[in-house]
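Hi,

Here's the structure I promised to pass on.

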Amino acid sequence: MTYLPVDERRRAIIDAAIEVIAEEGLARATTRRIAERAGTPRATIHYCFRDKDELTLLILARARSTMHAAFARLSPGSGFEATVRAVVVAYWQWIRDAPGLHLALLELTLWVIRNRQTVAPDGDVWAAVNASFGGDLIEDAFTAAARADDLHPAVPVPDLARFLIHRMDGLVLELAETRDEVACEHQAHLLANALIALATP
């Protein structure tokens with residue numbers, strides 16, 4: 001690997017870790033495999049990161065930052081239906097633009113589920129995984145949009161947010177399976193229609 005500033009090298013290693021986790025699973029994402037993918041000596045990983053846990057946390061931080069960027073242009077004041085459609089479109093585009101990251105996140109979610117006693121000792125895996133990855137953001141957008149329309153959704157907003165996030169997890173798998181972006185985008189539009197129908201009193 002040619003000389004890179006530490007920040008660039010860390011980004012390259014995080015990219016490599018995401019690719020290995022997405023393609024081969026978390027169990028095979030050893031520092032050796034990640035170093036091979038990054039084209040760097042394994043010692044570089046230990047130089048750039050305290051341990052593998054820090055690397056994992058930085059993958060999660062990448063997910064948070066990219067999601068917030070994807071949702072930055074939302075305008076809940078535009079009304080409930082328009083907000084639901086905008087949220088679904090933003091979420092779908094976030095998946096489409098970084099499918100490997102989303103597969104890696106699903107792998108990490110399974111790891112949390114399998115290790116819930118230590119990772120989420122109160123048993124709330126949803127809060128440990130999804131609240132910080134868009135759950136709160138989506139709930140806030142739906143709540144503000146409903147308030148702007150003086151709408152009292154027939155299904156509570158937290159349930160709508162959970163319904164959306166879990167259906168989007170399925171869309172990640174569909175995109176990985178079919179690689180058909182057009183069909184997946186159609187599914188996203190159907191999901192928006194379903195959310196609006198569920199919320200309408």
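H4 and H5 make a right-handed crossing. Keep in mind that this is a predicted model. The two axes, H4's and H5's, come within 9 Å and cross at roughly 135°. Angles over 145 degrees would count as roughly antiparallel and 65 to 115 as roughly perpendicular, so H4 and H5 end up oblique to each other.

What do the two helices touch each other with? On the H4 side there are Ala63, Thr66, Met67 and Ala70, and these meet Ala90, Tyr91 and Trp94 in H5. Sorted by class, the H4–H5 contact has six nonpolar residues, one polar and no charged ones.

The elements giving two or more residues to its lining are helix H1 (6-24), helix H4 (52-70) and helix H5 (80-97). H5 supplies the largest share of that lining, with five residues.

In total, 17 residues line the second largest pocket, and Ala69, Ala70, Ala90, Gln93 and Trp94 lie nearest its centre. Some names come back here: Ala70, Ala90 and Trp94 also take part in the contact between H4 and H5.

And how does the lining of this pocket split by class? It has nine nonpolar, three polar and five charged residues.

Cheers

Notes:
Residues numbered from 1 in each chain as written. Predicted model: local features only at pLDDT ≥ 70, side-chain atom pairs only at ≥ 80, totals over all residues. Heavy atoms only, no water. 1 Å grid on protein atoms, 1.4 Å probe; cavity = no way out; pocket = protein on both sides within 12 Å on 5 of 7 lines; lining within 4 Å. Helix = DSSP H or I, 4+ residues; strand = E, 2+ residues; numbered from the N terminus. Nonpolar A, V, L, I, M, F, W, Y, C, P; charged D, E, K, R; others polar. Axes fitted to C-alpha atoms, helices over the stretch in contact; angles between N-to-C directions. Parallel < 35°, antiparallel > 145°, perpendicular 65-115°, else oblique. Left-handed = near helix turned anticlockwise from the far one by under 90°. Contact = heavy atoms within 4.5 Å.
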